[in-house]
Amino acid sequence: MTDASVPQNVAPPPAEVPDVDLYHAHSWITKYVFSQDAKVIAIQYAGTAITVGILALVLSWVIRLQLAFPGAIPFIDANVYYQSVTMHGMIMVVYMLTAIFLGGFGNYLIPLMVGARDMVFPYVNMLSYWVYLIATLVLVSSYFFPGGPTGAGWTLYPPQSILTGTPGHEYGIILMLVSLILFIVGFTMGGLNYVVTVLQARTRGMTLMRMPLTVWGIFAAAVMALLAFPGLFVACLMLLLDRTLGTSFFMPSLVELGERKDYVGGSPILFQHLFWFFGHPEVYIVALPAFGIVSDLISVHARKNIFGYKMMVWAIIAIGVLSMVVWGHHMYISGMDPWFGFFFAVTTLAIAVPTALKVYNWVLTLWHADIHFTTPMLFALGFLVTFVNGGITGLYLGNVIVDVPLSATLFVVAHFHMVMGIAPVLVIFGAIYHWYPKITGRMMDERLGKIHFWITFLGAYAIFFPMHYLGVLGMPRRFYEMGETAFVPASAATLNIVITVIALAVGFAQSIFFYNLFKSLKYGAPAGGNPWRAASLEWQTPETPPGHGNWGQQLPVVYRWPYAYSVPGAPEDYLPQNAPPMRGEHSP
Amino acid sequence: MTAEPVTTEHVTTESTLRSSLHGMVADWSSDQRSFKSASWGKAMMWIFLVSDTFVFSCFLISYMTVRMSTTVEWPHPSEIFALEIGGKKIPLILIAIMTFDLITSSGTMAMAVNFAYARERRKAAILMLVTAFFGAAFVGMQAFEWTKLIHEGVRPWGNPFGAAQFGSSFFMITGFHGFHVSIGVIFLLIVARAVWRGDYDVGRRGFFTSRKGRYEIVEIMGLYWHFVDLVWVFIFAFFYLW
């Protein structure tokens, strides 16, 4: 397409839409509480997500303590254990990771990175946060109801999840389902905003292929979420009806405690299909924003354009499309036609192709680059290693015959914590260290940041790497107590204790991060507008932190892609996206 | 038309297809907007409707699954959904009226959109009220049908005619659709009031949103309304004709 005779980077076409009529907050309440500014909403989202994330972290200690010292801690009985497993999983996956990537980073970065004044529907955006907050409160409130939260496991499989044997069957399960339905409603409002902002509210010169990969990742994830959450919505509604009205969508005829229940003729497998139709895309709803963010971190801190930008974009799209048709690999042991197993195994393994392509491109971006080992870069590199590790075990589990013996063991737990637990969390940390200067105007402490990185990265490895081994030994997941089990050697118990001790230490070490976060707010070194000398648009705002409406009087005009680093002949080693074109420049 | 050779016509369609494909590629590789003719609101409604399509698809697929996997016989729709009028059982009569009613409302909605863009406020508002009336009538007839079925002993958890899942999925899916219609009626009334008062001409700001609206909202409302109608056609086919 590139023709040398055609002058590159001609001035972009004139604005197609008049500048927006911004809503200006008049009081403290409308400015900071019921705010319609995407940046404030982003911080509200992220704050709420991190708060429930801390709760989920504490719950993981409860799980670990029980696994290491079965029965030694008096308050951890089987009910508490199962409730902790359930709440830890559900909070981390939905209320923490999804909310912080899309609601937090999405809200903050999309308008700034595409050169918009705000999200396209700020009022709906505000509602999105408040519905999300209510959903979170409903979920957490289940601790204060008789019976406590549900202990059904985060997958909530019926029939077990709504029968009386499961802790929290009185109120916990109902609150969980209501909370999820609310979350989906809230998310839909936000998700529509993210998608339409990216598609319809870019500034002059900002083509889709000039968007930072962060925006691509969040955009693709938001589209997928809008298509995948309906599965969970329907599953939750039907399970709620089964529990409250006694319908039999998912409930077969069964006898419980010697008593025949009124349920008749439902299909438990149907729930699994609906749940995983959401559940698998959910993995990529979390992973794609992380992919995007990590691409930007690597490019900025290695002072080099991302290798194969177009391929990276198409890989994101390919992963998004493929991930909608792989959900069956979570159900290999649920009983399915072998041909379906074959189909789902093929699609699952096919995802490895675009994913590996991304990994190669990250590595090739680093190749011969001017790598600055800043805290964000360390976290990005940590992500690479962790993600490759988790991805490779994914190939094991994607194969039906390998999956069958490994299913429901700690191997699976190790796999998904590596790939969608630790890896995205490392990216979240890296992203916070990276964008904190833009959000607050001050730098975070680099030394504390590096200490935090090494403890978190090595610690996470020490927790989850041995867990693969325990899984291969056959140690099952979700068991309250192993008891006398011949096939698990005594040394496994020792390993469990080691893992638990490290988990507690790594958990507590996160206080370094929070100390850094709050201390830097006041005492951090002033950052200036663009401390990382980054080229993408969010660093070029007239004010830091960006004011209401982001861009002052004039919207920026974009002349090139966001990866113009180490451009030959440029005055500095980067060219901001909105800097006027240089003579003879050939940036995309 | 007949004088034209077939081959030319063929080539013309192909070249229009190609030029429209080129146009689409050009739009998507341009800056600012991917859908050049769609405003933010319209784009948002379309994308919401895609998401909502997935919700209804999940409902209908679940319904088909439970209907096929239950071992008990499914109640016969033409008997269940028959009304006794003048001592004669007429199958599907109510549902035919309901469908006719809803499709008529789509027509009045389309006319309202046209008049709104022509700034004929009174006509647009009246047609929206008529649409809302048809919508309310639909929900009313649905309530009537629910009452009739409940009197006959159909419950979400079971019924005397066959598989328990009949009542469960019927009440859930028609209820969810009826909820959509009700939401639509409420918003139609709100927008009709704003059109009638001329809010969009004088730039009056919304009570909640503090923003000025535009006549386009009538068309966005219409998109939603037509979607709800379209979904009904599927529900109708899967529940009453299968």
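Chain A comes to 14 helices and two strands in its secondary structure. Before I go on: this is a predicted model, and everything I say refers to that model.

Let me stay with the overall dimensions of chain A. Its C-alpha trace spans about 80 × 50 × 50 Å along the principal axes. On contact order, take the contacts in chain A between residues at least 6 apart in sequence: 80% of them join residues at least 24 apart.

Now one helix pair inside chain A. Helix 6, residues 213-244, packs with helix 8, residues 309-322, at an angle of about 15 degrees, and their axes are 10 Å apart. Angles under 35 degrees count as roughly parallel, and therefore helix 6 of chain A is roughly parallel to helix 8 of chain A. The crossing of these two helices is right-handed.

Which residues of helix 6 meet helix 8 in chain A? From helix 6 they are L213(A), W216(A), G217(A), A220(A), V223(A) and M224(A). On the helix 8 side, the partners are M312(A), V313(A), I316(A), I317(A) and G320(A). By class, the residues of this contact are nine nonpolar, two polar and no charged.

Next, chain B. Its secondary structure comes to eight helices and two strands. Read from the N terminus, the order of elements is α-α-α-β-β-α-α-α-α-α. The C-alpha atoms of chain B fill a box of roughly 60 × 55 × 40 Å along the principal axes. For the radius of gyration, a compact globule of 242 residues would be near 18 Å, but chain B has 23 Å. Buried residues make up 33% of the 242 residues in chain B. Of the contacts in chain B between residues at least 6 apart in sequence, 70% join residues at least 24 apart.

Last, the interface. How many residues of chain B are in contact with chain A? There are 36 of them, and they touch 42 residues of chain A. On the chain B side, the elements that give two or more residues are helix 2 (40-69) and helix 6 (164-197) of chain B. Helix 2 of chain B gives the largest share of that side, with 14 residues. The residues on the chain B side divide into 18 nonpolar, 14 polar and four charged.

That is the end of my part.

Terms used. Residues numbered from 1 in each chain as written. Chains lettered and ligands numbered in written order. Predicted model: local features only at pLDDT ≥ 70, side-chain atom pairs only at ≥ 80, totals over all residues. Axes fitted to C-alpha atoms, helices over the stretch in contact; angles between N-to-C directions. Helix = DSSP H or I, 4+ residues; strand = E, 2+ residues; numbered from the N terminus. Parallel < 35°, antiparallel > 145°, perpendicular 65-115°, else oblique. Left-handed = near helix turned anticlockwise from the far one by under 90°. Contact = placed C-beta atoms within 7 Å. Nonpolar A, V, L, I, M, F, W, Y, C, P; charged D, E, K, R; others polar. Rg over C-alpha atoms; globule rule 2.2 N^0.38 Å. Buried ≥ 20, exposed ≤ 12 C-beta atoms within 10 Å, placed from the backbone.
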